[in-house]
Amino acid sequence: MRILFPALFCSLLCSAPSSAQSSIVGTGGEAPAASAETPLAPIRPVKPIRSNPPVATAKSKTIEMGLGYAYISQPGNQSKRLGLQGADASFTVGLSRLGITADVGYARASNVLDTERHSAVLSYLAGPVFHHTLHRSFESYVHVLAGGAKVSGPILTNGGPILLGGWTTSYAWAVGGGVEYWATDSMAIRTGVDYLRTAFYDSSLVVRGQSNLRTTAAVVCYFGKPSPRRRRR
């Protein structure tokens with residue numbers, strides 16, 4: 001009996017691990033299939049992939065400079081008009097087709113009224129300018145400019161004497177437009193016509209407004225990069 005009880009106790013201890021192992025592994029050595037009633041893990045919704053909205057293209061600034069010839073038809077004495085010739089320069093900063101331009105022009109005529117004196121118009125104006133495409137190589141423009149002008153020259157008075165040294169400085173403005181022809185992507189040839197309003201003495205030595213007609217022809221260059229108007233075509 002003393003030997004029987006210890007032997008039974010040892011057999012129980014050795015059989016415990018084997019019984020626990022047989023509950024996991026099947027008779028064929030494979031793991032049992034999962035029960036159909038086993039609950040599945042919850043499926044998390046996937047967030048849709050959204051692309052960022054397209055970034056608007058920035059409007060780049062354009063810088064242009066024009067230099068060329070100017071002709072002014074000015075009211076003269078005795079119902080005759082006087083032709084003045086000179087130069088005109090412009091500087092424009094713009095965004096796309098709208099910009100702000102500054103214009104400086106100087107024109108003169110020699111030996112006015114046979115006095116060996118000259119008449120001259122110096123104008124300095126600024127204002128908005130708008131461009132409009134006509135063709136791949138052509139476009140038009142219009143501008144409205146305001147500023148000042150210095151007008152000088154001999155004056156034929158009502159009594160007959162000629163005042164040699166007359167000059168005035170007053171407000172001035174111009175309205176006009178023209179056409180540009182693109183020779184390259186960064187250079188254009190511009191022609192334009194303006195109605196230029198200035199002031200000068202009349203024959204009674206009273207300062208009055210003058211109606212001048214100004215025509216210009218210039219070469220316009222874009223600095224830094226070609227004109228965006230030209231590139232978009």
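Leu134, Phe138, Val179, Tyr181, Ile189 and Val219 make a nonpolar surface patch of about 500 Å². Such patches take residues with over 30% relative accessible area and no salt bridge, nonpolar side chains being joined within 5 Å. The model is predicted: local features need pLDDT of at least 70, side-chain atom pairs pLDDT 80 or more, while totals for chains, interfaces and linings use all residues. Residues are numbered from 1 along each chain, and side-chain values use heavy atoms, without hydrogens and water.

**Patch members**
- Valine 179 lies in strand E6 (residues 162-184).
- Valine 179 is partly exposed at 32% relative accessible area (buried is under 20%, exposed over 50%, partly exposed in between; 1.4 Å probe, protein chains only).
- Phenylalanine 138, at 36%, is partly exposed, and so is tyrosine 181, at 38%.

**Aromatic pairs**
- The whole structure holds four aromatic pairs (ring centres within 6.5 Å; planes under 30 degrees apart are stacked, over 60 edge-to-face, the rest tilted).
- Phenylalanine 138 and tyrosine 181 form a tilted pair, because their planes stand at 45°, with centres 5.1 Å apart.
- This pair links strand E5 (residues 138-156) to strand E6, across 43 residues.
- Phenylalanine 200 and tyrosine 201 pair edge-to-face, with centres 5.8 Å apart and planes at 70°.
- Phenylalanine 200 is buried at 9%, whereas tyrosine 201 is partly exposed at 29%.

**Charges over rings**
- Lysine 150 lies over the face of tryptophan 167, 5.2 Å from the ring centre (NZ of Lys or CZ of Arg within 6 Å of the centre and within 35 degrees of the ring normal).
- Arginine 190 has its charged end over the ring of tyrosine 141, 5.1 Å from its centre.

Conventions. Patch = residues over 30% accessible without salt bridge, like charges linked within 9 Å, V, L, I, M, F, W, Y side chains within 5 Å. Areas by Shrake-Rupley, 256 points an atom, 1.4 Å probe, with all protein chains shown as cover. Salt bridge = Lys/Arg side-chain N within 4 Å of Asp/Glu carboxyl O. Helix = DSSP H or I, 4+ residues; strand = E, 2+ residues; numbered from the N terminus. Phe/Tyr/Trp six-rings, centres within 6.5 Å; stacked < 30°, edge-to-face > 60°.
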